[in-house]
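Thanks, I will keep this short. Please have the sequence and the model open while I go through it.

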Amino acid sequence: MKRVPWLVPTLYILFLLLPIYWLINMSFKTTNEILGSFTLWPRNFTLDNYVKIFTDPTWYNGYINSITYVLINMVLSIVVALPAAYAFSRYRFLGDKHLFFWLLTNRMAPAAVFALPFLQLYSAVGLFDTPIAVALAHTLFNIPLAVWILEGFMSGVPKELDETAYVDGYSFWGFFFKIFVPTIAAGIGVAAFFCFMFSWVELLLAKTLTSVAAKPIAATMTRTASTSGYELGLLAAAGTLTIVPGAIVIYFVRNYIAKGFALGRV
Amino acid sequence: MNKTVNQKAWFFVLPVVLLVAFNAIIPLMTVVNFSVQETFGDNMFFWAGVRWFEQVLQSERFHAALGRQILFTAIVLLIEIPLGLAIALTMPRKGPWVSVCLVLMALPLLIPWNVVGAMWNIFALPDIGLLGRLINGLGIEYNYTRQIFSAWFTMVLMDVWHWTSLVVLLCYAGLVSIPDAYYQAAKVDGARPWAVFRYIQLPKLKYVLTIAILLRFMDSFMIYTEAVVLTGGGPGNATTFLSIDLQKIALGQFDLGPAGAMSIIYFLIILFFSWLFYTLMMKDEAR
């Protein structure tokens, strides 16, 4: 291990890529080849699975629905988390510590506990089967996380910045939007990344709160698997496509990702 | 940072409080309502007191699911934390490979959880999956849909695959924040690699390791989607963890009373441990 330090990370990355390779491999095979023979790469290379996904509305609408609620959730979470995180990082107020912990407890609530009550709540307010319902439900765990991350980044900005701006004659909101927000742009990017991530990967609530009109792609996959038997090639192609948005988003935040995972506190 | 007292700061946190309260308090009260009432359908509810709580706490089914849950969480924590730390220590700190490593390692974290389950379901199948073929090819009988040990092995391996990167990224962030001067000082003193790790790296990693343990504890204790897609709780009940059992009771059997009581007990367990970690963490941050 001492002589070849790159060996451990390389082996680990290989381990990470193997199941992904197997999925991609299968997505280019016909169902017959998958079930009939064991091949390490596709012998009858086919794009049919992808063509079907991009031409069949029940499939591609799943992607559109997922991306819609993820984006709504991301914007909503960041917009309300920004002032809250500022308050937590700069001021002391009645019940601040308890409030912060209460927010965090929502990150700890198992989705399985909330599935049924959420269904009743969102049906009662008439939002069932809309992207807004899923976006709102996901704020339960994304807002606390966004507040936590942003607070970490904001606490890293010295308070002198605020004071100098006031001396220079900025109003509070002028300072906040013209100076403070650009200063912590990296933190906002990281928080947005995390909101994207947790909203994109969550399925239990997304599936419970939708039926037809706003069905997320991940739910489309599970239903196809159970109704029309095993169309493994198609399933693999759909799975492969769910990895793409994540990969694109990671690429954009690659330089901040490590700091982001430490919630801006290192 | 020294903070000024300002009660108007409440206006800044109000939107967050309102949104989260709408999502947290109303559903939580619904669960509390279920847990103390009896229903015979038609939306007729009768007071049931703490009967459901007694029933859940005494049921062997709950004990078994809780036991499996604790065992699973303990196993994945014991593997993922040291492994993640080891990988972070051997990762390059500078150069073009850093970004490549980070992007590839973060990949599993952004795959929808049911796709993770489906991917491993296929990957580990004994007839058409690479892993299943490989293990059977070595002469070891392996079939995760039939054998309890194989099912657990696959489940743990999947979780390690899915989440070790989180620990790696956290530890890595902690490591790159250590100034070079520390290492140089250690070199001058002739410190051995173990001493460098024990007295320079580990203290700096304390905070990120706490977050890693906290997040991994919470998420592995709440595991649902991946496990359902991979094994569906089987074979038998061998991999029926708390969330899966809860869903079976709530949505499968529609026993709302016991499901509500179980939800609250479940939530309190997580809350207790998280409070414990949080208190330790904040004490550490106050330094």
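Chain A has 266 residues, and 48% of them count as buried. Keep in mind that this is a predicted model.

On confidence, the mean pLDDT of chain A is 84, with 91% of its residues at 70 or more.

Now the overall layout. Chain A contains 14 helices and one strand. Its C-alpha trace spans about 75 × 65 × 30 Å along the principal axes. If we take the contacts in chain A with a separation of 6 or more, 78% of them are between residues 24 or more positions apart.

Next, the domains. Chain A is split into domain 1, residues 1-46, and domain 2, residues 57-261. The C-alpha centres of domain 1 and domain 2 of chain A are 31 Å apart. The two do touch: nine residues from domain 1 of chain A and eight residues from domain 2 of chain A take part in the contact.

Which helices supply the domain 1 side of that contact in chain A? Both α1, residues 7-27, and α2, residues 31-36, of chain A supply at least two residues each to the side of domain 1 that touches domain 2. Of the contributors to that side, α1(A) gives the most, with five residues. Sorted by class, the side of domain 1 of chain A that touches domain 2 of chain A has five nonpolar, three polar and one charged residues.

The largest nonpolar core has 159 residues. Which of its members touch the most other members? They are Ala81(A), Ala84(A), Val147(A) and Leu150(A). Helix α7 of chain A, residues 131-155, gives the most to this core, with 16 residues. Both domain 1 and domain 2 of chain A are represented in this core, each with at least three residues.

Methods
Residues numbered from 1 in each chain as written. Chains lettered and ligands numbered in written order. Predicted model: local features only at pLDDT ≥ 70, side-chain atom pairs only at ≥ 80, totals over all residues. Domains from an automatic or database assignment. Contact = placed C-beta atoms within 7 Å. Helix = DSSP H or I, 4+ residues; strand = E, 2+ residues; numbered from the N terminus. Nonpolar A, V, L, I, M, F, W, Y, C, P; charged D, E, K, R; others polar. Buried ≥ 20, exposed ≤ 12 C-beta atoms within 10 Å, placed from the backbone. pLDDT = per-residue confidence, 0-100. Core = buried A, V, L, I, M, F, W, Y, C linked by C-beta atoms within 7 Å.
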